[in-house]
Amino acid sequence: MYNFDTDNLNTENKMRIIQELVPGKQITLAHIIANPDRILYKKLGLDPAVDYSKAAIGIVTMSPSETAIIAGDIATKAANIELGFVDRFSGTLIITGTVSEVESSMTALTDYVKETLGFTVCPITRT
C-alpha cells in the first residue's frame with residue numbers, strides 16, 4: 001500500500017493507492033521453434049534423443065497458471081507430442097515432437113482456451 005501526498009506538503013489530503021495484480025484469462029506466448037539446435041534441448045533439460053531433422057519445441061505461457069495443466073492434457077490428446085515441462089505455478093508449458101505434431105497441439109490448445117474458456121489468445125509464432 002502506498003500513500004501519495006497530492007501536493008507533497010499537505011498531510012491532510014492524502015490519496016491512498018492500492019496496487020494488485022489481477023491476471024486475465026490469456027495466453028501471452030505461443031511459439032514454435034522448428035528444428036532447434038541440439039544444445040537447446042540439453043539446456044532446457046529435454047530429451048536429446050530425438051531426430052533433429054524433424055524436431056520442434058513448443059512454448060506456451062498462460063494465466064491463470066493452472067491452465068497449463070489443461071493445456072498439457074489437450075496437447076497430448078491432439079497429437080503425438082511429449083510433455084517437456086508443465087508448471088502450474090508459472091503457467092508455462094513446453095512440448096516437443098515433430099514440427100507438424102507440435103503445430104497441431106499448439107493449435108488445438110489455443111483454439112480450446114479461446115473458444116471454450118473465453119481466453120484472449122496471442123497468435124502462434126514460429127522460428
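**Getting to know a predicted model**

Modeller: Let's start with contacts, meaning heavy atoms within 4.5 Å: of those in the protein between residues at least 6 apart in sequence, 58% join residues at least 24 apart. This is a predicted model, in which local features need pLDDT of at least 70, side-chain atom pairs count only at pLDDT 80 or more, and totals for chains, interfaces and linings use all residues. Numbering runs from 1 along each chain as its sequence is written, and side-chain values use heavy atoms, without hydrogens and water.

Colleague: Why is T92 called buried?

Modeller: Its relative accessible area is 17%. Buried means under 20%, exposed over 50% and partly exposed in between (1.4 Å probe, protein chains only), so T92 counts as buried. Buried residues make up 35% of the 127 residues in the protein.

Colleague: Where do T92 and L40 sit?

Modeller: T92 is in strand 6 (residues 92-98), and L40 is in helix 1 (residues 38-44). Both kinds of element are DSSP runs numbered from the N terminus: helices are H or I with at least four residues, strands E with at least two. The protein has 3 helices and 8 strands, in the order β-β-β-α-β-α-β-β-α-β-β.

Colleague: Which residues does T92 touch?

Modeller: Leaving aside residues up to four places away in sequence, T92 touches V60, T61, A68, F85, V86 and D87.
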